[in-house]
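Welcome! Here is a short briefing to read alongside the sequence and the 3D view.

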Amino acid sequence: STLIEVEVIDELAKAAGVGDKVAAITEQAMRGEIDFTESFRRRIGLLEGLDESVLEGIAERLPITEGAERLFAILKTLGFKTAILSGGFTYFARHLQKKLGIDYIYANELEIENGKVTGRVAGQVVDGKRKAALLQEIAQKEGIRMEQVIAVGDGANDLPMLSVAGLGIAFRAKPIVKETAEHAISTLGLDGILYLLGFRDREVS
């Protein structure tokens, strides 16, 4: 919900008729009240039997966060490498990767059998600890020092990633994240990150 203006798992839950149950668990996890991995598996389990066509419809309607397209276009021009490290799903991350020209995506593989969601995730869950590790892996692969890395997030599971980056930014974040992160953006769009990098409007217009 940093790069898009919805929590995809909540949208899937509404389609499956379990919206209220899943939203309540999501909020608890984002506030850091319950372990992300445990909450994630509980929420996914409620999606069992959902038709794959629903995922496609949601992917096509994803509302991109204000300023995201401008931010990624400028970062690409400047030679930055970009990545989505998400506790969401690769199905939707791939859609955003194509739309925004993102270099790396790491998210959870929602298991689908015979055109239906099984209620399980294939492979390792991308939680807060995993996000931080992946960020470091990408930096190492690209020959970038961690001091040069920027990480942006809004939930408690983003805190480990924000803490290892040279510049950790809480974007329209939950209180626990805003209080902990070094920098916070609450009223601007995602392209407000450019100001934190020292750019002025006339330089990026």
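Asp-201 lies in helix H11 (residues 201-204); helices (H or I, at least four residues) and strands (E, at least two) are DSSP runs, numbered from the N terminus. This is a predicted model, in which local features need pLDDT of at least 70, side-chain atom pairs count only at pLDDT 80 or more, and totals for chains, interfaces and linings use all residues. Residues are numbered from 1 along each chain as its sequence is written, and side-chain values use heavy atoms, with hydrogens and water left out.

- Asp-201 counts as partly exposed because its relative accessibility is 43% (buried means under 20% relative accessible area, exposed over 50%, partly exposed in between, with a 1.4 Å probe and protein chains only).
- Leaving aside residues up to four places away in sequence, Asp-201 touches Arg-70 and Tyr-195 (contact means heavy atoms within 4.5 Å).
- Between the C-alpha atoms of Asp-201 and Glu-5 there are 24 Å, and the two residues are 196 residues apart along the chain.

**Helix H1**

- Helix H1 covers residues 8-16, and its buried residues are Val-8, Ile-9, Asp-10, Leu-12 and Ala-13.
- Those buried residues pack against helices H2 (19-30), H3 (36-45), H4 (52-60) and H6 (90-100), and against strands E1 (83-89) and E2 (104-113).
- Just after H1 comes Gly-17, with a positive phi of about 80°.

**Aromatic rings**

- Three aromatic pairs turn up in a search of the whole structure (rings of Phe, Tyr and Trp, the last by its six-membered ring, pair if their centres lie within 6.5 Å; planes under 30 degrees apart count as stacked, over 60 as edge-to-face and the rest as tilted).
- The pair of Phe-89 and Phe-92 is tilted, because the ring planes are at 55°, with centres 6.4 Å apart.
- Phe-89 counts as buried at 4% relative accessibility, and Phe-92 counts as buried at 3%.
- Phe-40, Phe-89, Tyr-91 and Phe-92 are linked by ring pairs into a cluster.

**The largest pocket**

- The lining of the largest pocket has 50 residues, and nearest its centre lie Ala-83, Ile-84, Leu-85, Val-152 and Met-161 (a pocket is an open set of points on a 1 Å grid over the protein atoms alone, where a 1.4 Å probe fits, with protein on both sides within 12 Å along at least five of seven lines; lining residues have an atom within 4 Å of a point).
- Strand E1 gives the most to this lining, with seven residues.
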